[in-house]
Every structure is written in C-alpha cells, then in structure tokens.
Amino acid sequence: MNNASILPSSRHTPAAPLLSATKISSHFHSSAISSSTSTNDTTAKRPETRPCWKCSTPVPYLTLQCTNPDCKVVQTLAPGVNYFEILGLSPEPGFDLDLKDLRLKFFKIQQLIHPDSYSQNTMGDQVYAQQQSSLANKAYSTLKEPLSRANYILELLGAPIHETESLNEPELLMEVMEARELLEEAQTEDEVQELKNVNDKRIKDTVEGLSKAFKGQDLEQAKTLAIELQYWIRIQNVIRDWVAGHPIVADHV
C-alpha cells in the first residue's frame, strides 16, 4: 500500500512522527511524569482529549483506538502517561496490586492493539500498534514483579535507587553473606529446598515491608527494603538454576 495513504490531508493536523521500537522506552521516559511533579498535578493539566493523528476526531486522551467508526486507527503514544495508566489502573502509583486483574487488563489491551491484527493495514497503523504493544509489554513486565514495581514507583516519586547504593546494615549484610555460603556448600536437593523455603520467607517479609513503607509514604524505608529485596531475588535466581551434581557458585549474589 502507498505510504501516502497514511498522510493527513491539508485539513488534518500533522501526523505524529513514527518511533522505532528501540526508541519507545526513551520516548516514554522523556515524556513521562516528572519526578518533581505530582501525578495529580500532571493529570489535572492534561487535556481530556487529543486529535486522532489520521482523521483529527477528538478522542479521549488515553484511548488506544480512534473512536470514529470510520477510522479506528491505533493512536500514537500519549505523552506524560505512566505505566499504571497504560494498563488502565489509577494514575497514582500504588505498590499493592491485584496481579490477576493486572494480567487481565494487559491481555485485553494486547487483544486490541497486537501488531498481528494490523499486518494488512497502513504503515501508520502497524508502527503505532507496535509501539503501543511494546509499551504495554514493558509496563506489564515492570508492574507484575514486586522489585521492578518498587523501583519504578520510587523513580516516579523522585527517589530512585542509584547503582552505587547497597546494603549498609551490618546484620543484613551478615545474613546475605551467610546465605551465600550455605548456597555454595549445598550438595543435595533437600538442602537446596530448605534454603529456598528460608529465602522465600525473606522475600515475603520484605515485600510486606515495602507495602507498609509505601502506604506510610516512607520512601527512605522503601528504598532500603527495595535494595534488600534485590539480594534475596538474586539468591532466588541462583537457587532456581541449581542442578544436582553441580555446586552453586554464588559470587554474583
């Protein structure tokens, strides 16, 4: 199909620039809510509608498809939208999520905008479907896991964890070191299973602590617990890769 068919006529607003899939993440972060601006302030300033890139019909700001029945093209990425909004959740970042509901919302979005559904459409439809689908994937993969969800919320709230930050509590550091040593010494499946049970409890307790910290708006405590959770998740991954007869090397934990 001729690419000219996706260009607006002179009475239409200019089409938004096409973004390659590799630029989606940087595009989102460059246009996402500033950490120094509250989500309420951002949504209050946001227009209720924006014009469809193809037919100029005013459509709800967060809609994925044009509401004009004669158009129905996939819309461009909406600036200033966070991952919670992308998946149809409250714009206010919250740590406690119903993961079943999150998954259902994600699947519903993918059914609507999956690129395979637009393989016979114009180039604009295909590219924007790919962008929306990729961003929904990124949002879902981030929010479904407690650690990445906590890190993302901290980033949104202006308290990101930097690469140089690590545990600075002696007791916790000793516990991590002991867990590493026990992993390296484990020889049997029963030993590894016991270590897994202990580590699963650590993860559960840390996630519950994160929930309380975010509810209490204690970002410093949330950061500390998110850093701690990183260590327990690393140990969890090492345990998951354990194979009988192959000793665990936990140097990277």
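**Charge pairs, core and surface of the predicted model**

Lys105 and Asp101 are 4 residues apart in helix α4, and are therefore separated by about one helical turn. In this predicted model, the two side chains are joined in a salt bridge, with 4.0 Å between the closest N and O atoms. Lys105 is partly exposed, at a relative accessible area of 26%, and Asp101 is likewise classed as partly exposed, at 30%. Helix α4 spans residues 99-113 and also holds Arg103. The relative accessibility of Arg103 is 35%, so this residue counts as partly exposed. Arg103 and Tyr140 are 37 residues apart along the chain, while their C-alpha atoms are separated by 7.7 Å.

The secondary structure of the protein consists of 9 helices and 2 strands. Read from the N terminus, the order of the elements is α-α-β-β-α-α-α-α-α-α-α. Of the 253 residues in the protein, 40% are counted as buried.

Side chains of opposite charge can pair when their charged atoms come close. The count for this model comes to 8 salt bridges. One of these joins Asp96 to Lys215, with an N to O distance of 3.3 Å. Asp96 is located in the loop between α3 and α4 and Lys215 in helix α8, so this contact ties together parts of the chain that are 119 residues apart in sequence. The two partners fall into separate accessibility classes: Asp96 is partly exposed, with a relative accessible area of 44%, whereas Lys215 has a relative accessibility of 64% and counts as exposed because the cut-off for that class is over 50%.

A further salt bridge is formed by Glu208 and Lys204, whose closest N and O atoms are 2.7 Å apart. Both residues belong to helix α8, where a spacing of 4 residues places them about one turn of the helix apart. Glu208 is partly exposed, with a relative accessible area of 38%, and Lys204 is also partly exposed, with a value of 48%.

The largest nonpolar core comprises 50 residues, and the members that touch the most other members are Tyr83, Phe84, Ile86, Leu87, Leu143, Leu210 and Phe214. Two or more residues of this core are given by each of α3 (83-86), α4 (99-113), α5 (123-143), α6 (146-156), α7, α8 (189-215) and α9. Helix α9 provides the largest share, with 10 residues.

Helix α9 covers residues 219-240 and includes Tyr231. Tyr231 has a relative accessible area of 14% and is classed as buried, because the cut-off for burial is under 20%. The C-alpha atoms of Tyr231 and Leu173 are 9.7 Å apart in space, with the two residues 58 positions apart in sequence.

For Lys72, phi is near 60°. Lys72 lies in the loop between β2 (58-60) and α3 and is partly exposed, with a relative accessible area of 47%. For Gln217, phi is near 55°. Gln217 is located in the loop between α8 and α9 and is exposed, with a relative accessible area of 68%.

Technical notes. Residues are numbered from 1 along each chain as its sequence is written. This is a predicted model: local features need pLDDT of at least 70, side-chain atom pairs count only at pLDDT 80 or more; totals for chains, interfaces and linings use all residues. Side-chain values use heavy atoms; hydrogens and water are left out. Buried means under 20% relative accessible area, exposed over 50%, partly exposed in between (1.4 Å probe, protein chains only). A nonpolar core is a set of buried Ala, Val, Leu, Ile, Met, Phe, Trp, Tyr and Cys residues joined through side-chain atoms within 4.5 Å.
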